[in-house]
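Please look through this structure before reading on. The points below are meant for someone who has not seen it before.

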Amino acid sequence: MVRRIVIIGCGVSGTTAAFYARKTDRTAEITIVGSETLPEYSRCGLPYAFSGVVPNLRSLIGFDEDFYEHTNRIHLRLGLTATKIHSDHQLVEHDGEDRLGNELAYDSLILTTGAHPTTLSVAGSNLKGVFTIRTIDDVEHLADYLREAMAKKVAIIGAGLTGSEMAEALLLRGVAVIQAEIVPEILPVILDPDMASIVREKGQEHGVEYHLQSSLEEILGDKERVVGVRISGRTHDVDAVVVAVRVRPNTELAKDAGIQLGESGGIRTDDRMATSAKNIYAAGDCIETFDLITRRHVFFQLATTAVRQSMVAGINAAGGEARYPGSTGVTTVKLFGLEVATLGPTISMAEKMGMNPVSVRITGSTRLSYYPGGKDLTVKLLANPNNGKLLGAQLVGEEGATLRANSASMAAHLGLTVQEFAEIETCYSPPLAPVWDPVTIAAQALLKKLKPVSAQPPSATISGH
Ligand SMILES: Cc1cc2nc3c(=O)[nH]c(=O)nc-3n(C[C@H](O)[C@H](O)[C@H](O)COP(=O)(O)OP(=O)(O)OC[C@H]3O[C@@H](n4cnc5c(N)ncnc54)[C@H](O)[C@@H]3O)c2cc1C
């Protein structure tokens with residue numbers, strides 16, 4: 001009998017799951033039901049398409065419909081929202097009845113419903129000119145609005161990843177930015193304050209007016225359009241507001257079907273991406289992910305994590321066998337000419353989890369001092385003093401942060417101790433990399449804090465060859 005696989009959500013997770021299901025079962029009938037009218041596109045590219053660095057917004061679309069329908073025989077049912085799962089009858093209901101009705105029977109169901117941005121409840125939140133950034137439509141509407149309003153200044157609420165990327169994008173479009181963040185420093189989820197301040201100073205040089213430890217109290221309007229914001233008692237004239245606070249997993253459908261959610265509120269899966277309901281799998285931003293470093297279930301809400309989980313969900317839903325080991329949550333972003341790459345909890349997050357991390361911060365160079373063009377790279381490493389394992393890495397510099405974070409991610413994935421990480425040899429050539437890489441130097445320094453001096457590897461002060 002032909003296996004019927006239904007996937008809810010046509011983001012990167014739904015699309016990846018569908019393609020891997022097809023590779024696993026060449027004859028299965030695969031259908032994706034997606035609320036948006038477009039097939040999968042890169043949400044990660046939205047700030048760059050908005051800024052104009054990526055000239056064509058539609059180039060973010062991964063594959064045309066023909067590639068789904070004809071090359072891979074995946075039926076796309078776009079513009080339809082799944083409204084109910086009958087897990088006992090293995091049936092999904094959706095809105096907007098078309099020629100195929102409004103029900104889909106499945107043998108395997110994959111939930112990839114993603115996440116939605118948080119909206120605010122302060123006065124004025126419903127005014128024209130208040131935006132969130134999640135979809136191509138959001139970005140198109142914001143761009144149109146700014147053009148029509150001949151906007152000169154925008155307030156961004158939240159200085160996390162999306163808020164910071166949008167701050168840079170707005171500046172590139174010639175619009176001034178004020179940015180409010182409720183905690184004392186920007187990028188609080190991925191960086192400790194001493195590392196984030198390097199990025200903030202660059203943002204300030206580029207023109208961002210930050211308001212830290214400040215909260216939005218009211219959005220002010222005139223004739224239903226935004227004219228200002230009140231942030232911690234002060235009024236600022238702005239033409240629009242971008243709300244970039246948290247995103248939350250879309251779990252209503254799963255919850256309604258009695259599928260177990262985890263403590264953090266995302267859908268709970270096992271390492272086959274199977275949910276608590278028979279033949280129902282889930283992946284991506286709607287689920288909670290096992291964090292390989294802290295050994296807890298958390299929200300990473302990263303495309304990298306989503307595609308790996310969906311690959312596993314797609315294979316298993318199609319009768320194959322695959323397992324997802326968990327994630328290190330390694331993240332990178334380019335802001336104001338700086339690469340910012342991180343993994344693991346910040347110190348304050350680790351402390352909240354009851355850990356007492358040991359940390360070290362050094363600034364090295366991406367080349368030897370005699371060779372022109374080397375750039376400063378600031379590296380902060382965290383370790384768990386109880387087992388000597390690498391707990392986190394934060395890297396900020398004009399170049400070289402991302403690939404080094406990947407090597408730290410590999411170490412964390414393998415559960416290496418700081419000693420083992422410090423011993424790993426890295427390559428060297430004057431135009432490309434120093435003999436002692438900044439990450440190795442940081443690991444050696446961290447080791448000194450963790451262990452007696454007698455157990456040290458060669459001195460990190462050796463600088464040339
Ligand atoms: C501005 C921005 C920048 C980002 N940058 C990065 C980055 O640089 N690196 C990185 O790793 N990650 C980044 N991310 C995160 C990344 O985009 C997400 O992790 C990824 O998109 C998750 O994919 P998903 O398919 O699980 O969920 P989504 O992309 O949210 O897709 C879910 C889809 O399901 C649909 N849906 C929901 N409910 C239903 C329903 N009931 N019926 C039918 N359809 C439904 C939704 O409409 C949506 O189309 C960024 C995100 C944003 C917004």
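The numbered points below go through the sheets, the cores, the ligand shell and a few single residues.

1. Ground rules. This is a predicted model: local features need pLDDT of at least 70, side-chain atom pairs count only at pLDDT 80 or more, and totals for chains, interfaces and linings use all residues. Residues are numbered from 1 along each chain as its sequence is written. Helices (H or I, at least four residues) and strands (E, at least two) are DSSP runs, numbered from the N terminus.

2. The parallel sheet. Five strands make an open sheet with parallel pairing, in the order β9-β16-β10-β11-β12. β9 (130-131) and β12 (209-212) are the edge strands; each has a single partner strand, so one side of each is left without a neighbour in the sheet. Two strands count as paired if DSSP finds at least two bridges between them. β9 and β16 (residues 240-243) pair in the parallel sense over two bridges. Here valine 130 stands opposite valine 241 of β16.

3. A helix on that sheet. Helix α5 (residues 161-172) lies across β10 (153-157), β11 (176-181) and β16. α5 runs at about 165° to β11. Axes are lines fitted to C-alpha atoms, for helices over the stretch in contact, and angles run from 0 to 180 degrees between N-to-C directions. Contact between two residues means that their C-beta atoms, placed from the backbone, lie within 7 Å.

4. The antiparallel sheet of three. β13-β14-β15 is the order of an open sheet of three strands, with antiparallel pairing. β13 and β15 (234-237) are the edge strands, and each pairs on one side only. From one strand to the next, the twist averages 30°. Six bridges link β13 and β14 (residues 225-231) in the antiparallel sense. Glutamate 218 has arginine 230 in β14 as its bridge partner.

5. How many residues of β25 are buried? Nine of the nine residues in β25 (389-397) are buried. A residue is buried if 20 or more other C-beta atoms lie within 10 Å of its own, exposed if 12 or fewer, and partly exposed in between, with C-beta atoms placed from the backbone. Strand β22 (residues 338-343) runs antiparallel to β25 and is joined to β25 by five bridges.

6. The hairpin. β24 (residues 376-384) and β25 pair in the antiparallel sense over eight bridges. Threonine 378 stands opposite valine 396 in β25. The two strands form a hairpin with four residues between them. In the turn, glycine 388 has a positive phi of about 75°.

7. The largest nonpolar core has 48 residues, and Ile110 and Ala282 touch the most other members. Another core, of 45 residues, lies apart from it; its members include Ala159, Val379, Val396 and Leu446. A nonpolar core is a set of buried Ala, Val, Leu, Ile, Met, Phe, Trp, Tyr and Cys residues joined through C-beta atoms within 7 Å. In soluble globular proteins, nonpolar side chains tend to be buried together.

8. Methionine 273. This residue is in the loop between α7 (252-256) and β18 (280-282). Methionine 273 is buried, with 29 other C-beta atoms within 10 Å. Not counting residues up to four places away in sequence, alanine 282 touches several residues, among them Ile110, Ala254, Met273 and Ala313. Methionine 273 is not a glycine, yet has a positive phi of about 65°. Most residues other than glycine have a negative phi.

9. The ligand shell. The ligand is surrounded by 33 residues, the closest being Gly9, Gly11, Ser13, Gly114 and Gly284. A residue is near a molecule if its C-beta atom, placed from the backbone, lies within 6 Å of it. α1 (12-24), β2 (29-34), α2 (46-51) and α8 (303-317) are the elements that give two or more residues to this shell.

10. Two exposed loop residues. Proline 184 is in the loop between β11 and α6 (193-206). Glutamine 213 is in the loop between β12 and β13 (216-222). Proline 184 counts as exposed because it has 12 C-beta neighbours inside 10 Å. Glutamine 213 is exposed too, with 11 other C-beta atoms within 10 Å. Leaving aside neighbours within four places in sequence, proline 184 is in contact with Pro193, Leu212 and Gln213. Glutamine 213 has a positive phi of about 50° although it is not a glycine.
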